[in-house]
Amino acid sequence: MAQNGTTENRGTKGIAALPLPQPVKVQEVRHTKIFIDNEWHTSSSGRTFPTFNPATGHKICDVEEADKEDVDRAVKAAKAAEQRGSPWRRMDASSRGRLLHKLADLMERDRLLLATLETLDTGKPFLQSFFIDLDGSIKTLRYYAGWADKIHGRSLPVDESFMCFTKHEPVGVCGAIIPWNFPLLMFMWKMAPALSCGNTVVIKPAEQTPLTALHVGALIKEAGFPPGVVNILPGFGPTAGAAIASHMDVDKVAFTGSTEVGQLIKEASAKSNLKRVTLELGGKNPCIVFADCDLQLAVEETQKGAFYNQENVKKIVIGDPMDPQTSHGPQISQQHFDKIMDLIESGKEEGARLEYGGAAVGENRLFIQPTIFSGVKDQMRIAKEEIFGPVQCIFSFKRQQEAIERANRSQYGLVSAIFTRSMDRALSVSAALETGTVWINCYNALHAQTPFGGYKMSGNGRELGEYALAEYSEVKAVTIKLSETL
């Protein structure tokens, strides 16, 4: 049984066979202000904060820092935009779909620039940004553009002389708090279904990675979305994020990030106006590899979450994320780097066998060697805590039921994977695993059509697919008393 450090580093296998795009030279970042009501604003406090390139440590630019007052302005604009009689509410559903398609077209046009900004801000390899992040973002927009005029209620058979039907209506103002690992993709996962259902949104990108979200703000205005429909607030969690979660005029909030912060958001939402909450939180992601599997496939797939297959781990190129040859970039910040290194050291101290890696690369840099531990025991920190870094933990098991019980012992339940040639076993084990997603003979197989979300401490609610539409719509039942006269 293997355990991936994260599901959030998806492989780029096969990319080398395609014509390789090149990053663009960014002399100056154009959009660094707060986006409210289709206009650019300086922060109410006058404060800015720097965003850094984690690969070099150099400052990219300064960004306006939104706080509670700016959140109030954004929510006011979003609330006005979703009022009955507004251009957005009067717009027919198919026109909403056309706007989402137009935004997807503009992102296609600016794909090289957006991928470059994503790599500058996150440190992930440019080819991953271009082929995975941008591709997934555009596909998500187009998927929900197609749904815009297909969201409808039902006619219900009821007793006696009544007729009943249901309507699906927008929730209202939807807050979204975005993580740093997939800034643009998570933006689309939240914004696209919200707009498809007719809501308005107030979005806070992660303070480490605000640049692609702000560029998309310019594209939203260019696409023709009415003012106030999308508002983007770069800022920090304890100020801007907390203000969104506790705001009395925000009707729903969606968050991707740590379980600890997710609990704070749920508490703030409950104590304010009992707003809806969708949470996609931490995970430990067990991969159960049975003896009858295609072992080469299992090795390749289970290690996608942190790095490529073990045979090639020594060939991984660590370095400049803009270089097409680079397949392993830096960690996002010194704080995150230190957390991963602390967990690696705990694995060594607690008796896990270090098979490869386990060290930093270079001095005063945020690069960590891909790391493999074997002989991992369930009580070790690296077995229990979410590492969210390039670390693979390998366990052993003897019986199928033992593997299931140990996998389900985790407080998390985001994803799991099974590798076996027996479909009877695969279906039996998948039914027993307490995770929101089960991959069989594959890993990181994410699609806009497929719901994603967790059990237990990995969150609640679902993103993507038709299931996400329910998170962004209210169901109204209308009952009519019919005349008894024929």
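Q: How many residues of the lining of the second largest cavity are nonpolar, polar and charged?

A: A cavity is a set of points, on a 1 Å grid over the protein atoms alone, where a 1.4 Å probe fits but cannot get out, and lining residues have an atom within 4 Å of a point. Ala, Val, Leu, Ile, Met, Phe, Trp, Tyr, Cys and Pro count as nonpolar, Asp, Glu, Lys and Arg as charged, and the others, Gly among them, as polar. Here the lining divides into 7 nonpolar, 1 polar and 1 charged. This is a predicted model, in which local features need pLDDT of at least 70, side-chain atom pairs count only at pLDDT 80 or more, and totals for chains, interfaces and linings use all residues. Residues are numbered from 1 along each chain as its sequence is written, and side-chain values use heavy atoms, with hydrogens and water left out.

Q: Which residues line the second largest cavity?

A: The lining consists of Cys174, Gly175, Ala176, Lys190, Met191, Ala194, Val201, Ala254 and Tyr472.

Q: How is a pair of aromatic rings described?

A: The distance of the centres and the angle of the planes describe such a pair. Rings of Phe, Tyr and Trp (its six-membered ring) pair if their centres lie within 6.5 Å; planes under 30 degrees apart are stacked, over 60 edge-to-face, and the rest tilted. The count here is 10 aromatic pairs. Phe35 and Trp40 form a tilted pair, because their ring centres are 4.9 Å apart and their planes stand at 50°.

Q: Which residues do ring pairs link into a cluster?

A: The cluster joins Phe126, Phe130 and Phe131.

Methods:
On a 1 Å grid over the protein atoms alone, a cavity is a set of points where a 1.4 Å probe fits but cannot get out, and a pocket is an open set with protein on both sides within 12 Å along at least five of seven lines; lining residues have an atom within 4 Å of a point.
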